[in-house]
Amino acid sequence: MMAKSASAKAGKHPNPSAVAPGVSNNRKFIIAAGVVILGIGIAVVAAMPKDKPAEPVQPARAEAPSGTGLSASETSFNFGSISMAAGKVTHRFRLVNAGANPLEIQKIYTSCMCTTVALVKGVRQFGPFGMPGHTPIPTINQTLAPGERAYVEVEFDPAAHGPAGVGPIERVVTIENSAQPPLQLAFSAQVRP
Ligand SMILES: [Cu+2]
């Protein structure tokens, strides 16, 4: 029985003594193939983590996680190509209190004297305010109830820096608040004469 089944596996070799080397070679081949496959597997796994570390860079932006505190519709805005001759440009960022508790907007200000920012809450407007050190930045202490919205209206004067202001620009407005570290909203533009 044993010899018959062994010869069946070994194919053409009818002599049981000749079967043994063939089986042995098959095992060697299977082990060798297993080692190669394992090696490929290790190489693939070893290669994978190289791609992974790049990803955690993504969530570093200023946007608050939804459901906590002060959240903005966007954390940056691009005016695109704008002309000094065409004058000032404005953009509104929408704010919402995404937290469960009331929060206060304490101060808002800009990173440069060419930019002003105002808080628009319902029919009331606070500001425009400019850059600390250049203009006074008063405390406004405006409360936003949970779910309540407001707007931050930014105005940029591309001509404020004169001819030197041509080219790419980036400015930041800062919103100091009671819920979290200051929220920063950026805008950019390509200024042409
Ligand atoms: Cu400026």
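How many bridges join strand E5 (residues 115–121) to E8, and in which direction do the two strands run? Six bridges join E5 to E8, and the two strands run antiparallel.

## Model and conventions

This is a predicted model, in which local features need pLDDT of at least 70 and side-chain atom pairs count only at pLDDT 80 or more, while totals for chains, interfaces and linings use all residues. Residues are numbered from 1 along each chain as its sequence is written.

## Overall make-up

The protein chain has two helices and ten strands. Helices (H or I, at least four residues) and strands (E, at least two) are DSSP runs, numbered from the N terminus. Along the sequence the pattern is α-α-β-β-β-β-β-β-β-β-β-β.

Of the 193 residues in the protein chain, 17% are buried. A residue is buried if 20 or more other C-beta atoms lie within 10 Å of its own, exposed if 12 or fewer, and partly exposed in between, with C-beta atoms placed from the backbone. Among contacts in the protein chain between residues at least 6 apart in sequence, 62% join residues at least 24 apart; two residues are in contact if their C-beta atoms, placed from the backbone, lie within 7 Å.

## The antiparallel sheet

Five strands form an open sheet in the order E1-E3-E8-E5-E6, with antiparallel pairing. Two strands pair if DSSP finds at least two bridges between them. Strand E1 (70–72) and strand E6 (124–129) are the edge strands, each pairing on one side only. On average, neighbouring strands of this sheet are turned by 25° against each other, direction ignored. The axes behind this angle are lines fitted to C-alpha atoms, for helices over the stretch in contact, and angles run from 0 to 180 degrees between N-to-C directions.

Strand E3 (residues 89–97) is joined to strand E8 (residues 149–156) by eight bridges, and these strands run antiparallel. Thr90 stands opposite Glu155 in E8. E5 and E6 form a hairpin with two residues between them, and Gly122 in the turn has a positive phi of about 65°.

## The mixed sheet

The other open sheet described here also has five strands, in the order E2-E10-E9-E4-E7, with mixed pairing. Its edge strands are strand E2 (76–83) and strand E7 (142–144), each of which pairs on one side only. Neighbouring strands of this sheet are turned by 30° against each other on average, direction ignored.

Five bridges link strand E4 (residues 103–110) with strand E9 (residues 167–177), which run antiparallel. Two partners in E9 can be named: Val173 for Thr110 and Asn177 for Ile105. E9 is also joined to E10 by nine bridges, and the two run antiparallel. Pro168 stands opposite Gln190 in E10, and a hairpin joins E9 to E10 through five residues.

## The nonpolar core

A nonpolar core is a set of buried Ala, Val, Leu, Ile, Met, Phe, Trp, Tyr and Cys residues joined through C-beta atoms within 7 Å. The largest one has 23 residues, of which Ile108, Val117, Val152, Val154, Val173 and Ile175 touch the most other members. At least two residues of this core come from each of E3, E4, E5, E8, E9 and strand E10 (183–192). E10 gives the largest share, five residues.

Not counting residues up to four places away in sequence, Ile175 touches Leu70, Ile105, Ile108, Val152, Pro182 and Leu183. In soluble globular proteins, nonpolar side chains tend to be buried together.

## Backbone and loop details

Most residues other than glycine have a negative phi, and most peptide bonds are trans. Asn141 is not a glycine, yet has a positive phi of about 45°. Asn141 is found in the loop between E6 and E7 and counts as exposed because it has 11 C-beta neighbours inside 10 Å. The peptide bond joining Gly127 and Pro128 is cis, with omega about 10°; Pro128 lies in strand E6.

Ala164 is in the loop between E8 and E9. Ala164 has 6 C-beta neighbours inside 10 Å and therefore counts as exposed. The C-alpha atoms of Ala164 and Pro193 are separated by 9.9 Å, with the two residues 29 apart along the chain.
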